[in-house]
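Subject: Structure for you to look at

Hello,

Here is the structure I promised to pass on. Please open it beside this note, and my findings follow below.

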Amino acid sequence: MASTEASPVRPSILVVDDDVGVRESFEAVLAKDYDLVFATQGPEALRILSSRDVNLVLLDIRMPGMDGIEVLRRIKELNEQADVIVVTAVKSLKTAVEAIKLGAFDYITKPFDIHEILALIKRVVEKQELVKEVMYLRSEVARDHRFEDLVGRNVRMQEIYTLITRIADNNATVLLSGESGTGKEVLARALHQQSHRGQRPFVAVNCAAIPAELLESELFGHEKGAFTGAIATIYYRLNVVPITLPPLRQRRDDIPLLVEHFIAKYDREFNRKVKGFSAGATAALYQYDWPGNVRELENVIERAVALAQSETVSLRELPLDISILGPETIEHIQKSGLSLREARNHFEKQYILNILEKVQWNQTEAARILGLHRNTLLWKVQRLGIDSRPHALTA
Ligand SMILES: Nc1ncnc2c1ncn2[C@@H]1O[C@H](COP(=O)(O)OP(=O)(O)OP(=O)(O)O)[C@@H](O)[C@H]1O
Ligand SMILES: [Mg+2]
């Protein structure tokens, strides 16, 4: 008799056994707490499993026709996550090992001990509940850490997510500000996506290309005669919600999350298997000031993933202005036993190369940054054998 206090969703078990006596014993023991479904043969069991979900399969090994091991193989093909407990009449280690190898949760021998089988089933159900909980928590964590394409769990970012969710459906004008590369455009797209206009196109306008006098009517439309001059100006102002994105150096706690995000992105894109950064490289990423913000971090990681020679990115794969501070570089130079002159040449070459790359090989700009005369720079480039290919030096 089913208890009225049983939880509303009872776990379900499919019992597969050709022996009516075994099926009846299972029914006597399990019917009180579980929903039972019976099959007398493998093909019937597979038909049932392809049409409904069960929490667990109790599977006999010795059956006429398709044997239990074959049924197990096919169950796993159908659903790799399915939990199966194998029931064997003879204590055969070989069969048990094979079943476990194929992904069975466990196995029991007939005649089975009621307490043993009940405990085992309880373990399966508890495991499934844990898996469900972990999946739920993971999705919660993921929601916490990102908003559409924006990654970041820093408090300022979280405040921005909340604000965006709240204002997405107002028609308020939002003024996004923040340094270059802080994610203004990504945020604007997220805001658009959240709004009731999400299905309509997102239009980016390069304001610098529009004369100031036309900007307002281009963006907001022209309201004939409604207002004039100062009054009309920025009416708009009253409706503007300002949001300022923090520069990356003010939310360094987001660096690990962003690094992980971009590694995954470029692993996928370049089909690489980079897993993380060495301790030295991680320290360098933390110390650096990131004037180009998230865009710069993304570029650095894209390059590092492309260059990485193993699963771990080392300082060598970071641009010199980032890696120069890291303890690994100094250690590397010390270990290599270079003379001071060699070490200085090595450093000078790397540094100049790095700056030249940064300014797209514009030597006037590079010389300015390095505090050198252009001719001196050119001389050093030749002396140190800095190879400008595939870029040509520009005047
Ligand atoms: N929070 C973030 N999470 C993930 N990626 C980000 C984030 N912020 C920025 N990015 C990445 O950095 C790039 C630059 O962001 P975006 O274009 O939004 O910057 P911006 O603030 O508009 O810069 P600019 O002022 O130079 O136009 C984006 O393409 C995106 O890949
Ligand atoms: Mg932008």
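The shell around ligand 1 draws on two domains: domain 2 (148-246) and domain 3 (248-337) each give at least three residues. Bear in mind that this is a predicted model.

Which residues come nearest to ligand 1? They are S180, G183, K184, E185 and V294, out of 15 residues around the ligand. By class, the shell around ligand 1 has six polar, five charged and four nonpolar residues.

Now two helix pairs.

Take α2 (residues 42-51) and α3 (residues 68-78) first. Their axes lie 10 Å apart, at an angle of about 15°. That angle makes α2 roughly parallel to α3, because anything under 35 degrees counts as such. The crossing of α2 past α3 is right-handed. On the α2 side, the contact uses G42, A45, L46, L49 and S50. Facing them in α3 are E70, V71, R74, I75 and L78. Six residues of this contact are nonpolar, two are polar and two are charged.

Next, α17 (residues 363-370) and α18 (residues 374-383). Their axes come within 9 Å and cross at roughly 100°. So α17 is roughly perpendicular to α18. From α17, Q363, T364, A366, A367 and L370 take part, and they meet R374, L377 and L378 of α18. The contact of α17 with α18 has five nonpolar residues, two polar and one charged.

Best wishes

Technical notes
Residues numbered from 1 in each chain as written. Chains lettered and ligands numbered in written order. Predicted model: local features only at pLDDT ≥ 70, side-chain atom pairs only at ≥ 80, totals over all residues. Axes fitted to C-alpha atoms, helices over the stretch in contact; angles between N-to-C directions. Helix = DSSP H or I, 4+ residues; strand = E, 2+ residues; numbered from the N terminus. Parallel < 35°, antiparallel > 145°, perpendicular 65-115°, else oblique. Left-handed = near helix turned anticlockwise from the far one by under 90°. Contact = placed C-beta atoms within 7 Å. Nonpolar A, V, L, I, M, F, W, Y, C, P; charged D, E, K, R; others polar. Near = placed C-beta within 6 Å. Domains from an automatic or database assignment.
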